[in-house]
Amino acid sequence: MTRIELAPEVFDDFDRFFEHIAQFDAGSAPQRIGDILDAIQILTHSPLIGRPVKDGKRELVIGRATQGYVALYRYVAAIDTVFVLAVRAQREDGFKR
């Protein structure tokens, strides 16, 4: 089973989502973050499922519409590990880093 590692910056992304969601529905923010983390777990069984993007990275599309997110990651087959580099809302314009 492939291991998943979250970059420290991903927690900054989650903080940003939490603050944004809390403005509209404070009670759903923790669940939404949990849903994102649950969706990322598919990479333990299918690390190449995400669409390829530049520089050997991939994007995993999670959810849809106002509850849609994109996780940017790199899979290193030699050590069977997925490194999640960033997460953004689908409606955001690109990744912050």
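Hi everyone. Accessible area here comes from the Shrake-Rupley method with a 1.4 Å probe. With that in hand, let's look at the predicted model above. The accessible surface of this chain comes to about 5900 Å², and carbon and sulfur atoms account for 53% of that surface.

Now, how is the chain built? You can find 2 helices and 5 strands in it. If you walk along the sequence, they come in the pattern β-α-α-β-β-β-β. The radius of gyration is 13 Å, close to the 13 Å that the globule rule gives for 97 residues, so the chain is as compact as a globular protein of that length. Along the principal axes, the C-alpha atoms fill a box of roughly 45 × 25 × 25 Å.

What about the inside? Of the 97 residues, 38% count as buried. Taking contacts between residues at least 6 apart in sequence, 46% join residues at least 24 apart.

Where does Ile 40 sit? Its place is in helix 2, which covers residues 29–40. Leu 72 is 32 residues from Ile 40 along the chain, and their C-alpha atoms are separated by 10 Å.

Last, the charges. The chain carries 13 positive and 14 negative side chains, and the centres of these two sets lie 7 Å apart.

Note on methods
Residues are numbered from 1 along each chain as its sequence is written. This is a predicted model: local features need pLDDT of at least 70, side-chain atom pairs count only at pLDDT 80 or more; totals for chains, interfaces and linings use all residues. Side-chain values use heavy atoms; hydrogens and water are left out. Helices (H or I, at least four residues) and strands (E, at least two) are DSSP runs, numbered from the N terminus. The radius of gyration is taken over C-alpha atoms; the globule rule is 2.2 Å times the number of residues to the power 0.38. Buried means under 20% relative accessible area, exposed over 50%, partly exposed in between (1.4 Å probe, protein chains only). Contact means heavy atoms within 4.5 Å. Lys and Arg count as positive and Asp and Glu as negative; His and the chain ends are not counted. The place of a charge is taken as NZ of Lys, CZ of Arg, CG of Asp or CD of Glu.
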